[in-house]
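Please look through the structure shown here before reading the briefing, which moves from the whole chain to single residues.

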Amino acid sequence: MKLLQHSWSDMLVLDHIHQRMHNNLPDETTLHNGQKFDLLSLGLLGVPSLADTFNDITNKLQELKFDVGDYICIKFMLLLNP
């Protein structure tokens, strides 16, 4: 549990990048009650000023053909990073 406590924010950002790249996760979605929900802001932990940096990282990972195997390896590295 300590491993996850120390790396949850990094894991959230990594998961959001992965879902965005491989499952076409939109930046915004509409809830059933009509309210707009900004998924990009959630993925950036409420710091929307990082959106450009986030998009740059996503583009670079796409250029590198970041795949599921890479995602799993990085996830383990984040978990095991002291």
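Helices are DSSP runs of H or I with at least four residues, numbered from the N terminus. With that in mind, one can see that α3 is followed by Lys65, whose phi is positive, near 60°. The model is a predicted one, and the points below describe what was computed from it.

**The whole chain**

- The protein chain contains 4 helices and 2 strands, and these elements follow the pattern α-β-β-α-α-α when they are read along the sequence.
- Along its principal axes, the C-alpha trace of the protein chain spans about 40 × 30 × 25 Å.
- Of the 82 residues in the protein chain, 23% are buried, where buried stands for a relative accessible area under 20%.
- The protein chain exposes about 6000 Å², and carbon and sulfur atoms supply 60% of that area.

**Helix α3 and its two sides**

- The helix α3 covers residues 51-63, and its 13 residues should span 18 Å at 1.5 Å a residue, which agrees with the 18 Å that separates its end C-alpha atoms.
- The buried residues of α3 are Ala51, Phe54, Thr58 and Leu61; seen down the axis of α3, these buried residues fall within an arc of 90°, so they line one face of the helix.
- The face of α3 that is turned away from this buried side carries the exposed residues Asp52, Lys60 and Glu63.

**Two residues with positive phi**

- Lys65 lies in the loop between α3 and α4, and it has a positive phi of about 60° although it is not a glycine.
- Lys65 counts as exposed because its relative accessibility is 65%, and the cut-off for exposed is over 50%.
- Asn24 lies in the loop between α1, which covers residues 2-22, and β1, which covers residues 28-30.
- Asn24 also is not a glycine, and yet it has a positive phi of about 50°; with a relative accessibility of 65%, Asn24 counts as exposed.

**Asp27 and its surroundings**

- Asp27 is found, like Asn24, in the loop between α1 and β1, but Asp27 is partly exposed, with a relative accessible area of 32%.
- When residues up to four places away in sequence are not counted, Asp27 touches Arg20, Phe37, Asp38, Leu39 and Leu40.
- Asp27 and His16 are 11 residues apart in sequence, and in space they are 10.0 Å apart, C-alpha to C-alpha.

- Val68, Ile72, Phe76 and Leu80 together make a nonpolar surface patch of about 400 Å².
- Leu80, one of the residues of this patch, has its place in helix α4, which covers residues 68-80.
- Leu80 is exposed, because its relative accessible area is 59%, and residues of such a patch need over 30% relative accessible area.

Notes: Residues are numbered from 1 along each chain as its sequence is written. This is a predicted model: local features need pLDDT of at least 70, side-chain atom pairs count only at pLDDT 80 or more; totals for chains, interfaces and linings use all residues. Side-chain values use heavy atoms; hydrogens and water are left out. Patches are made of residues with over 30% relative accessible area and no salt bridge: like charges are joined within 9 Å, nonpolar side chains (Val, Leu, Ile, Met, Phe, Trp, Tyr) within 5 Å. Accessible areas come from the Shrake-Rupley method with a 1.4 Å probe; for residues, only the protein chains shown count as cover. A salt bridge is a side-chain nitrogen of Lys or Arg within 4 Å of a carboxyl oxygen of Asp or Glu. Buried means under 20% relative accessible area, exposed over 50%, partly exposed in between (1.4 Å probe, protein chains only). The expected span of a helix is 1.5 Å times one less than its number of residues. The arc is that of the directions from the helix axis to the C-beta atoms. Contact means heavy atoms within 4.5 Å.
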